[in-house]
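Visitor: Please show me the protein, and let us then discuss its architecture and a few selected residues.

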Amino acid sequence: QAQLVESGGGLVQAGGSLRLSCAASGSIFRINTMGWYRQAPGKQRELVASITSGGSTIYADSVKGRFTISNNNARRTVYLQMNSLKAEDTAIYYCNSEAAALWNGPSRDYWGQGTQVTVSS
């Protein structure tokens with residue numbers, strides 16, 4: 001069974017920085033994409049950023065220029081560097097991966113348990 005384990009959340013003042021990490025382990029043959037979603041209280045979960053195994057990236061408009069996603073394919077790890085944090089970035093951040101367990105099997109979504117990011121104004 002595949003697992004995604006996040007780390008790096010916490011409390012930071014507005015204008016500060018945090019770096020999130022997420023490592024995939026277990027029965028994974030191929031990772032197509034890894035990324036980060038977030039969910040604030042009373043709001044729907046939204047995409048923050050994602051990166052393919054080839055390095056192509058997508059960012060939400062609200063974080064462009066402030067957040068940077070990167071990966072290490074060999075370590076099956078994805079990172080999210082968050083700079084110039086704002087109060088509205090406060091949310092639970094979830095790691096996501098679209099991956100296949102078998103070489104000829106279908107891809108599916110895997111989710112981490114979430115890590116809290118709180119930005120105080």
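Guide: Arginine 38 lies in strand β4, which covers residues 30–39; strands are DSSP runs of E with at least two residues, helices are runs of H or I with at least four, and both are numbered from the N terminus. This is a predicted model, in which local features need pLDDT of at least 70, side-chain atom pairs count only at pLDDT 80 or more, and totals for chains, interfaces and linings use all residues. Residues are numbered from 1 along each chain as its sequence is written, and side-chain values use heavy atoms, with hydrogens and water left out.

Visitor: Does arginine 38 count as buried or exposed?

Guide: The classes rest on relative accessible area: buried means under 20%, exposed over 50%, and partly exposed in between, with a 1.4 Å probe and protein chains only. Arginine 38 has a relative accessibility of 6%, so it counts as buried.

Visitor: With the side chain of which glutamate does the side chain of arginine 38 make a polar contact?

Guide: A polar contact is a pair of N or O atoms within 3.5 Å; within protein, one must be able to donate a hydrogen and the other to accept it, and residues adjacent in sequence count only if both atoms are side-chain atoms. The side chain of arginine 38 has such a contact of 3.3 Å with the side chain of serine 62. At 2.8 Å, the arginine 38 side chain also makes a polar contact with the side chain of glutamate 46.

Visitor: Which aspartate is in contact with arginine 38?

Guide: Contact means heavy atoms within 4.5 Å. Leaving aside neighbours within four places in sequence, the contacts of arginine 38 include Phe67, Glu88, Tyr93 and Asp89.

**Aspartate 89**

Visitor: The side chain of aspartate 89 reaches the backbone nitrogen of which residue?

Guide: Aspartate 89 is placed in the loop between β8 (77–82) and β9 (91–100). Its relative accessible area is 1%, so aspartate 89 is buried. Not counting residues up to four places away in sequence, aspartate 89 touches Arg38, Arg66, Phe67, Ser84, Val117 and Val119. At 2.8 Å, the side chain of aspartate 89 reaches the backbone nitrogen of lysine 86.

**Two further loop residues**

Visitor: How far apart in space are leucine 102 and proline 41?

Guide: Leucine 102 belongs to the loop between β9 and β10 (107–111), and with a relative accessible area of 53% it is exposed. Beyond residues up to four places away in sequence, leucine 102 touches Phe29 and Arg30. Leucine 102 and proline 41 are 61 residues apart in sequence, and their C-alpha to C-alpha distance is 36 Å.

Visitor: What is the distance in space between alanine 60 and glutamate 46?

Guide: Alanine 60 occupies the loop between β6 (57–59) and β7 (67–72) and is buried, with a relative accessible area of 16%. Apart from neighbours within four places in sequence, alanine 60 is in contact with Leu47 and Val48. Alanine 60 and glutamate 46 are 14 residues apart in sequence; from C-alpha to C-alpha they lie at 8.5 Å.

**The whole chain**

Visitor: How many strands does the protein chain have?

Guide: Along the sequence, the pattern is β-β-β-β-β-β-β-β-β-β-β. The protein chain has zero helices, and its strands number eleven.

Visitor: What percentage of the residues of the protein chain count as buried?

Guide: The C-alpha atoms fill a box of roughly 50 × 25 × 20 Å along the principal axes. Among the contacts in the protein chain with a separation of 6 or more, 56% join residues 24 or more positions apart. Of the 121 residues, the share that counts as buried is 40%.
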